[in-house]
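This briefing covers ring contacts, charges over rings and backbone angles, in that order of topic.

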Amino acid sequence: MSTLTVELDERSYPIFIESNLFTQPNALTAHIKSKKVVIISNEVVAPLYLDVIDNALAGFNVSHIILPDGEQHKNLQSFEVVISKLLSMSASRDTTLIALGGGVIGDLTGFVAACYQRGMPFIQIPTTLLSQVDSSVGGKTAVNHPLGKNMIGAFYQPKAVLIDISSLSTLPAREFSAGMAEVIKYGVIYDYNFFVWLEENQQAIKQQDTAALSYMIKRCCEIKAEIVAIDERESGLRAILNLGHTFGHAIEAEQGYGNWLHGEAVSTGIVLASAVATKKDWLNASEFSRIESLLQAFDLPTLAPSDMTYDDFIQHMRHDKKVFDGQLFFVIPKGIGKAVVTNDITDEILHTVLS
């Protein structure tokens with residue numbers, strides 16, 4: 001088992017990475033302090049893993065809340081459904097929530113945990129690649145609004161993150177590819193050697209070789225844990241984790257949440273941000289080609305929707321969380337392995353790239 005720690009003083013917590021982790025009861029129960037547990041999952045994941053988690057929680061008072069699947073359900077309506085069910089169960093501040101699913105379930109459960117009775121413990125059990133390498137770590141919780149993605153939320157850390165690599169075997173190919181966008185992001189913004197490793201190990205990753213997946217997921221979690229420990233609330237360095245997200249969130253909102261998977265929109269956003277970087281002479285043509293090619297190697301889109309105009313992008317990006325004092329900031333790569341947050345992007349460059 002690989003074990004990492006997100007170092008946040010009294011809010012520090014472990015990340016466990018291993019195959020068949022769900023079958024090890026102590027891996028989960030060691031982080032639960034009361035007998036009452038509520039598992040929040042969705043209609044796709046619950047039939048696959050709910051029984052296994054229930055067995056691991058033998059002796060606990062376990063309840064379930066099962067939601068519809070899909071990004072379109074990551075909203076205030078689902079938030080209210082979960083809160084109402086917790087109230088009807090007489091859940092208390094020491095009841096432990098378990099998020100069993102992908103990024104939608106993890107984000108929603110975390111936001112509920114932050115708000116219900118002003119805070120209750122929760123544990124992340126991510127079952128998609130995207131949630132394992134990104135959204136389950138770092139304490140960002142949120143729901144979407146029609147005017148913007150993740151605009152309603154809180155920073156709230158879990159008690160533990162349990163990553164069972166075996167769960168990826170049931171993940172649809174499109175979802176696996178979507179997760180690779182976030183994986184590749186880490187190489188582009190922070191670790192050139194990891195980017196090279198991804199280039200050299202494409203086949204092993206596609207074949208879901210256990211050793212390759214273990215290293216890949218661990219490295220992503222290491223990078224995110226290191227960044228979060230430095231900047232928990234995204235006042236500086238952590239913002240680079242949003243590479244591709246400003247453009248990507250605009251695509252998701254314009255196309256309708258769920259029509260483009262989050263990772264697919266981020267992939268296209270990474271290419272758009274890289275195109276901006278080439279216009280700024282921060283990225284050369286060879287580096288741009290390598291980024292684009294690696295994303296395409298995992299069947300990810302690299303072109304924005306043909307029906308989206310410059311004005312469509314700008315309208316949504318004005319609601320982005322990286323708007324400060326009326327100015328829109330972007331995460332832009334400066335070569336492979338480094339990124340900056342800047343507002344020094346002219347309208348002319350944006351017009352050229354988004355056209």
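The model is predicted, so local features need pLDDT of at least 70 and side-chain atom pairs count only at pLDDT 80 or more, while totals for chains, interfaces and linings use all residues. Residues are numbered from 1 along each chain as its sequence is written, and side-chain values use heavy atoms, leaving out hydrogens and water.

**Aromatic rings**
- Rings of Phe, Tyr and Trp (its six-membered ring) pair if their centres lie within 6.5 Å, planes under 30 degrees apart being stacked, over 60 edge-to-face and the rest tilted; by this rule there are 8 aromatic pairs.
- The ring centres of Trp197 and Tyr215 are 4.8 Å apart with planes at 55°, so this pair is tilted.
- Trp197, at 17% relative accessibility, is buried, and together with Phe194 and Tyr215 it forms one aromatic cluster.

**Charges over rings**
- A charge sits over a ring if NZ of Lys or CZ of Arg is within 6 Å of the ring centre and within 35 degrees of the ring normal; the charged end of Lys35 sits over the ring of Phe60, 4.6 Å from its centre.
- Lys334 lies over the face of Trp282, at 4.7 Å from the ring centre.

**Backbone angles**
- Most residues other than glycine have a negative phi.
- Asn20, not a glycine, has a positive phi of about 60°, and its relative accessibility of 46% makes it partly exposed.
- Ser90 also has a positive phi, near 60°, and at 55% relative accessibility counts as exposed.

Terms used: Buried < 20%, exposed > 50% of the residue type's maximum accessible area, 1.4 Å probe, protein only.
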